[in-house]
Amino acid sequence: MKNIIFAFFLIFSSVSLVAQIRNTSWKGAIKGDNPRDVILDFHKDSITVYSATDNSVVERMIYSAKNGVITLHKVDGQSDCDNEIVGKYRFVVKSGKLFVTLLRDSCDDRSSALNSTKWTKSKG
């Protein structure tokens with residue numbers, strides 16, 4: 001019975017996270033070599049990162065979410081990340097904020113920009 005409850009919790013938390021971020025936008029700041037205010041614009045299975053000052057595209061990524069973990073793959077953009085490098089992050093939505101924490105990512109540009117960041121919902 002405990003296994004069934006645990007499995008249900010994992011499935012619910014995965015679906016819940018995707019539902020909380022799909023078709024939403026979040027404003028915050030990326031860190032790293034080129035810190036700046038940006039907007040994370042989540043679509044069905046992709047993210048577009050826009051500059052908050054001029055709406056230029058900073059990065060496009062494909063994502064998948066499972067058990068509160070989002071896996072990111074770069075499509076194109078300004079970072080030095082290879083398109084094959086996978087990044088894994090814990091995304092938590094709490095009190096109307098999105099918190100991002102690095103789990104594993106060998107792309108230093110992406111991990112230094114996203115790790116330990118907090119985002120405010122801007123639409124959706």
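With which side chain does the side chain of Thr117 make a polar contact? The partner is the side chain of Trp119, at 2.8 Å.

This is a predicted model, in which local features need pLDDT of at least 70, side-chain atom pairs count only at pLDDT 80 or more, and totals for chains, interfaces and linings use all residues. Residues are numbered from 1 along each chain as its sequence is written, and side-chain values use heavy atoms, with hydrogens and water left out.

View 1. Thr117 is buried, with a relative accessible area of 5% (buried: under 20%, 1.4 Å probe, protein chains only). Its side chain also reaches the backbone oxygen of Leu114 at 2.7 Å; a polar contact is a pair of N or O atoms within 3.5 Å, one able to donate a hydrogen and the other to accept it, and residues adjacent in sequence count only if both atoms are side-chain atoms.

**View 2. The largest nonpolar core, with 21 residues.** Such a core joins buried Ala, Val, Leu, Ile, Met, Phe, Trp, Tyr and Cys residues through side-chain atoms within 4.5 Å. Phe42, Ile70, Leu72, Leu98 and Trp119 have the most contacts inside this core. Strand S4 (57–66) and helix H2 (108–114) are among the elements that each supply at least two residues, and S4 gives the largest share, four residues.

**View 3. Contacts of Leu72.** Leaving aside neighbours within four places in sequence, Leu72 is in contact (heavy atoms within 4.5 Å) with residues including Ile47, Met61, Tyr89 and Leu114.

Methods: Buried means under 20% relative accessible area, exposed over 50%, partly exposed in between (1.4 Å probe, protein chains only).
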